[in-house]
Amino acid sequence: MRTLISGGTVVNSGGGFAADVLVEGETIAAVTAPGLAAALGVTADRVIDATGRYVLPGGIDAHTHMEMPFGGTASVDTFATGTAAAAWGGTTTIIDFAVQAKGTSLLSAMDKWHEKAGGHCAVDYSFHMIVSDVNDTTLKEMESCVAAGVNSFKMFMAYPGVFYSTDGEILRAMQKAREIGSTIMMHAENGIAIDQLVAQALAEGRTDPVYHSLTRPPELEGEATHRAIQLAAVTGAPLYIVHLSSRQALEAVTTARDTGQNVFAETCPQYLFLSIEDMARPGFEGAKFVCSPPLRPADHQLDLWRGLRTNDLSVVSTDHCPFCFVGQKELGRGDFSKIPNGMPGVEHRMDLLHQGVVRGEISLSRWVEISATTPARMFGLYPRKGVIAPGSDADIVVYDPKATQVLSAETHHMNVDYSAYEGMELIGKVETVLSRGSVVVDRGSFHGREGHGEFLERDLNQYLL
Ligand SMILES: NC(=O)NCCC(=O)O
Ligand SMILES: [Zn+2]
Ligand SMILES: [Zn+2]
């Protein structure tokens, strides 16, 4: 099957240029001057007219939680529904977190995630491992994970008694990561101190959703981020701070990067577009926005946008972890600490970040870089993914920068009963999406197939000094 995408503006992380893209089977065969393929008599089985459109590498969401058991319940998107929703929004690769529960092995966790995802994904996928039980067996198993194409390991300084690791355990895992060339990903919040603040708030009757944010102050994210960075410096391990939400944490990352340490960070759309004001909405509405780290006062957003421009924040992922309002978020009525932590978002990352382009916060090429190219490089998928170039997978988004849309739970495709961005008007919309050469979304219709998505074995972080 040969497809010609003609007349568009190809946008890679290096910039945009007028070009046609020729797809042969599952990969990009050529990126040519406009009209050249046709002038040379090359015929195509399918021609996609991209006049007035951007032609982008498919987005890579490096942080999702499909079917994740958490807070006494489980996130509601399956790999089938979540990857279909991702495709609708122009994301053609997800990297999900396989969870090692305490007392179980890393490899059994990976097997379990293969069982959940295998044969169900609409787009390509890979895994990071969540390490929550550091012992000699786990450390040895990290080597086997790398051999199986999973070379990034998330640890938690938050959630004591669940995923939490002590500084000593983190140090040991970082030493191992350094030895085997892996990256440690860190949920950096001081969970021990937070638990005290939570207990105090509940004892004083402060039980509304907004106290989820007020008991997780940004200083405790900044402190944990700094501590993780120091542990990484001592061990020499590369460190990637996940879902960074605050100015304080960004300062710690910026200082480390200025001294040349292998420290990287991602933020998420919810921290760029939503704030603690949303958590303080009347009644129990704020529960929809409970995630960790929590939403911050709106003035943090300016710092995060600046961090994206200066590359102190290198990636935007969603931390997609959807729980329905009815029956799941409601578990925390009268006790905010029982609200399952997480928000839906896998479908809207590309569109929301495009608003940054529209508003002049980031350039067109930076949009592509933070949503596709850098995650591909950071997690060992480049140049198979993250770029429109000959030889790369034909994961391609035809994007209409002038179309408008209004986000709503009525129209989204995620398997969750609310939208965190209900009623938000956006400029720009995904028009056509190809995953390895197959059209999965086209002008409002879904053509994808459960099981089309393949597991991606990943290589090393390509940013390491
Ligand atoms: N972020 C969040 O609230 N839920 C998902 C789990 C995590 O990433 O910590
Ligand atoms: Zn986390
Ligand atoms: Zn997460």
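Helices and strands here are DSSP runs, helices of at least four residues and strands of at least two, numbered from the N terminus. The legends below describe close-up views of a predicted model.

**Figure 1. N311 in the loop between α12 and β15 (315-316).** Phi of N311 is near 70°, a positive value in a residue other than glycine. N311 counts as partly exposed because it has 15 C-beta neighbours inside 10 Å, and partly exposed residues fall between the limits of 12 or fewer for exposed and 20 or more for buried.

**Figure 2. R443 in the loop between β18 and β19 (445-446).** R443 is not a glycine, yet its phi is positive, at about 40°. With 10 C-beta neighbours inside 10 Å, R443 counts as exposed. Most residues other than glycine have a negative phi, and most peptide bonds are trans.

Figure 3. P293 sits in the loop that runs between α11 (276-279) and α12. P383 belongs to the loop between α14 (364-378) and β16.

**Figure 4. Helix α9 (residues 247-258) and its surroundings.** The twelve residues of α9 reach 16 Å from the first C-alpha to the last, close to the 16 Å expected at 1.5 Å a residue. Buried residues of the helix are R247, Q248, A249, L250, A252, V253 and A256. Their cover includes α8 (218-235), β13 (239-241), β14 (263-267) and α12 (300-310). Just after α9, G260 has a positive phi of about 85°.

**Figure 5. L220 in helix α8.** L220 counts as buried because 24 C-beta neighbours lie inside 10 Å. Leaving out residues up to four places away in sequence, L220 touches E189, N190, A193 and I194. L274 is 54 residues from L220 along the chain, and 20 Å separates their C-alpha atoms.

Figure 6. In the contact, 31 residues of domain 1 meet 39 residues of domain 2. On the domain 1 side, the elements giving two or more residues are β1 (2-12), β2 (15-24), β16 (396-406), β17 (425-435) and β18 (438-442). β17 supplies the largest share of that side, seven residues. By class, the domain 1 side has 18 nonpolar, ten polar and three charged residues.

How values were computed:
Residues are numbered from 1 along each chain as its sequence is written. Chains are lettered from A and ligands numbered from 1 in the order in which they are written. This is a predicted model: local features need pLDDT of at least 70, side-chain atom pairs count only at pLDDT 80 or more; totals for chains, interfaces and linings use all residues. The expected span of a helix is 1.5 Å times one less than its number of residues. Two residues are in contact if their C-beta atoms, placed from the backbone, lie within 7 Å. Ala, Val, Leu, Ile, Met, Phe, Trp, Tyr, Cys and Pro count as nonpolar, Asp, Glu, Lys and Arg as charged, and the others, Gly among them, as polar.
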